[in-house]
Amino acid sequence: MKKRFFFYGTLTHAHDNPVTRAVLPLLGPARRGWVRGRLHAVRHGEGWYPVLTPVSAGRVSGRVFGYVYDSGSRFTRATLRLLDSYENCDPRRPARSEYRRRTVTVHVPGQGTVRADAYLFNRPLHPGLCPIPGGDFAAFIAARGLSALGSGRAGARRR
């Protein structure tokens, strides 16, 4: 099963958690990229995870930085179900899902654009979310001395 993903949070190789340990070996090398949108951080227990909200075409928006990964030959439907479960994404019941897996346009420096699946926030934004002005979750938590949910340093989760 061939898939391409854009991960911008705790699913990237910048974070160590049970899902990255299971999934990243099934994907090809990471390529840095960005999408149009806004990024916010959510505190969950002792860890943090990001939420990406897209911005409508033509509207001014920021950039959300992450990585593009292509699936390898060992990537299966079971792997995709693991990712969906981790992201609280149920394609059969999207209204109940915290995230929806959608195809986005990713800008890859020196390579143009590619289309990839990303997990987009499926809830209204609320005042408890912390904006990430630079659009880079790993830089945000590193600069503030925070830990990503599921990193082993504190909690358990996300992109």
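The entries below go from the whole chain to single residues.

**Basis of the entries.** I noted that this is a predicted model, in which local features need pLDDT of at least 70, side-chain atom pairs count only at pLDDT 80 or more, and totals for chains, interfaces and linings use all residues. Residues are numbered from 1 along each chain as its sequence is written, and side-chain values use heavy atoms, with hydrogens and water left out.

**Overall build.** I looked up the secondary structure and found 3 helices and 7 strands; helices (H or I, at least four residues) and strands (E, at least two) are DSSP runs, numbered from the N terminus. Along the sequence I read the pattern β-α-β-β-β-α-β-β-β-α. The radius of gyration is 15 Å, close to the 15 Å that the globule rule gives for 159 residues, so the protein is as compact as a globular protein of that length. I recorded that this radius is taken over C-alpha atoms, and that the globule rule is 2.2 Å times the number of residues to the power 0.38. Along the principal axes, the C-alpha atoms fill a box of roughly 40 × 40 × 35 Å.

Of the 159 residues, 48% count as buried; buried means under 20% relative accessible area, exposed over 50%, and partly exposed in between (1.4 Å probe, protein chains only). I then turned to contacts, meaning heavy atoms within 4.5 Å. Among contacts with a separation of 6 or more, 70% come from residues 24 or more positions apart. The accessible surface is about 8,100 Å², and 52% of this surface belongs to carbon and sulfur atoms. Accessible areas come from the Shrake-Rupley method with a 1.4 Å probe, and for residues only the protein chains shown count as cover.

**His15.** I located His15 in the loop between β1 (4-7) and α1 (18-23). Is His15 buried or exposed? His15 counts as buried, at 10% relative accessibility. Leaving out residues up to four places away in sequence, I listed its contacts as Gly9, Thr10, Thr20, Phe137, Ala138, Ile141 and Ala148.

**Cysteines.** How many disulfides does the structure hold? I found 0 disulfides, a disulfide being a pair of cysteine sulfur atoms within 2.5 Å. Cys89 is buried, with a relative accessible area of 9%, whereas Cys130 counts as partly exposed at 27%.

**Thr79.** I placed Thr79 in helix α2 (residues 77-86). Thr79 is buried, with 9% relative accessible area. Thr79 and Met1 are 78 residues apart in sequence, and their C-alpha atoms are 9.9 Å apart in space. Not counting residues up to four places away in sequence, Thr79 touches Val23, Leu26 and Arg74.

**Asn88.** I noted a positive phi of about 50 degrees for Asn88, although Asn88 is not a glycine. Asn88 lies in the loop between α2 and β5 (99-108) and is partly exposed, with a relative accessible area of 34%.

**Thr105.** My last entry concerns Thr105, which is in strand β5. At 33% relative accessibility, Thr105 counts as partly exposed. Thr105 and Phe6 are 99 residues apart in sequence and 9.2 Å apart in space, C-alpha to C-alpha. Which residues does Thr105 touch, not counting those up to four places away in sequence? I recorded Trp34, Val35, Thr113, Val114 and Arg115.
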